[in-house]
Amino acid sequence: MHGLINKAIQSFVCNTYGKSRWIRVTEAAHLGFVEFEAMLVYDDEVSRRVLDELCRELGRPEREVLEDVGTYLVSNPNTEALRRLLRFGGVSYVEFLHSLDDLPDRARLAVSDLDLPALELTESTGGRFTLACHSGLRGFSYVLLGILRAMADDYGALVMLEHAGQVNECEMIEITLIETDFAEGRTFELGARAR
Amino acid sequence: MKDRENLAYLLEKLCPMFVLLDAAGRIASAGPTLQKLRPEMEMVGKLFLEVFELLRPRSVASMQAIASSGAKLHLRFRDTPRTALKGVIVPLPGDEGAVINLSFGISILDAVRDYALTSADFSGTDLAIELLYLVEAKSAAMEASRTLNLRLQGAMIAAEEQAYTDTLTGLKNRRAMDHILARLTNGVTPFSLMHLDLDYFKSVNDTLGHAAGDHVLQQVARIMVEETRGDDTVARIGGDEFILIFNHLQDKEKLERIARRLIDRLEEPILFNGEKCQISASIGIVLSTQFVSPEASKLIHAADLALYAAKRKGRATYRFYNRNLTLPVVAEDGPPDGGSAGNDFSEATERRPGQDAQPG
């Protein structure tokens, strides 16, 4: 699994639960090191062990932990770069949702060996959407759920999100948009790189 | 006139940075994004060339002349911020003016900052947003790569350090000494070299064991580091063999004092688990200036010869190399020397003041 994904989980654990717990997880998973490198690729088995040990350490189910990872990636200042990249997807939450179809391509454009599962958004009436997350990265749909939740806050939209289980090869997420301009949301300026 | 209004409406939707010129080269209407760049300025009615400075094509008579040439335009605002723009110009039929479509080109990165532009300021087909996305995404990826590179560099330096260090004593190893000696022999700075061999070390190892031997070597290393200067080299090149290199030092008396002091201190008993370990040392010394061309192998061999001379004198002493030692006398405890060894030193000669060194 790509180092960026492993590093994201590491960053989440260190910032939410503290470095010592992360070190405990790496030891329990027999990692042999503490820091993942964002630009290296690791064996899937390694990531698997880390995630298993992490859930054991936290005493929480994997889906919950992964959803928190997704929320963390958008809302924490440490990963502001990622939030900005996602905000380039559109000026409104609906535009952002529609840009998700391009997400794997956008990711590849930035980091050529980063493979994310294909995503497909279908829109039904009454502000209802279904996002199909294809297989390839176990648990990705839960991370996505967290990202979608946090991005709704970012845009100031009020949404209801639900993981609708698996249909054929895809994990389904149901999105109901209740109000587009529910809250202020966070600002996004195209040229805000001078940080 | 109706046509012109329709045209302006279309352009507004398709090219938010358009300029519609009348036949006189005045701005008849301007796109919303272009106007956003100069909110205080009423563009309509101004001469185009009054607002913009034309960089290319250079030297043109009128806007009409440029329009009919169909050239690509490079221009910038006359007032600050002097944002660079590029554009295309197309003449309207019947000499009724022209349409110019402008774009930021590469200045887009500064422009979005300077003017707080948003996605809505670009046409739906403009790749500006994708370009900005890509720049940010690549910068983030580059930053991550840079972090990795720094870490790898750190690891490389540590590995190199390790490759040049004798792990037991922390002294430099043979490989490090070879590098340093090669550098010195290629340079012009004179230096001297000592080959130090421990005496009676084997009996410490044999009677008290390897742990005692290791302890003694560590103490020996500490003493040698203490008795030398920071830019001198102390290397362990074999089990109980060491080479010391002294930069700039050619003074025989000073070298004698150093050798004497080293031997004296090494003869002080070293305690290990309550047992006294008693050793001593023999030293051979050579000055780089004793050779016309001081090659590393010659110097080491010369120091060897001096060392064996010291050993033959009953150990616990030092000897300087001199050309009389050139032909090795078969030494009881020395390594087997080839019969041709003497030939390696055909150039060896002792330099005396006022006498040019000459190849033998």
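Me: Contact here means heavy atoms within 4.5 Å. With that in hand, what share of the contacts in chain A with a separation of 6 or more comes from residues 24 or more positions apart?
Reply: That share is 59%. Bear in mind that this is a predicted model, where local features need pLDDT of at least 70, side-chain atom pairs count only at pLDDT 80 or more, and totals for chains, interfaces and linings use all residues. Side-chain values use heavy atoms, without hydrogens or water.

Me: Why is B:L14 called exposed?
Reply: Exposed means over 50% relative accessible area, buried under 20%, partly exposed in between (1.4 Å probe, protein chains only). B:L14 has 57% relative accessibility, so B:L14 counts as exposed. By the buried cut-off, 51% of the 195 residues in chain A are buried.

Me: What makes A:E37 and B:R151 a salt bridge?
Reply: The rule wants a side-chain nitrogen of Lys or Arg within 4 Å of a carboxyl oxygen of Asp or Glu. For A:E37 and B:R151 the closest N and O atoms are 2.7 Å apart, and the pair forms a salt bridge. Between chain A and chain B the count is 3 salt bridges.

Me: How big is the area buried between chain A and chain B, and how do you know?
Reply: Buried area is the accessible area (1.4 Å probe) that two parts lose on being put together, summed over both. For chain A and chain B that comes to about 1,900 Å², with 65% from carbon and sulfur atoms. On the chain A side, A:M39, A:F88 and A:L190 lose the most area to chain B, together 30% of what that side buries.

Terms used. Residues numbered from 1 in each chain as written. Chains lettered and ligands numbered in written order.
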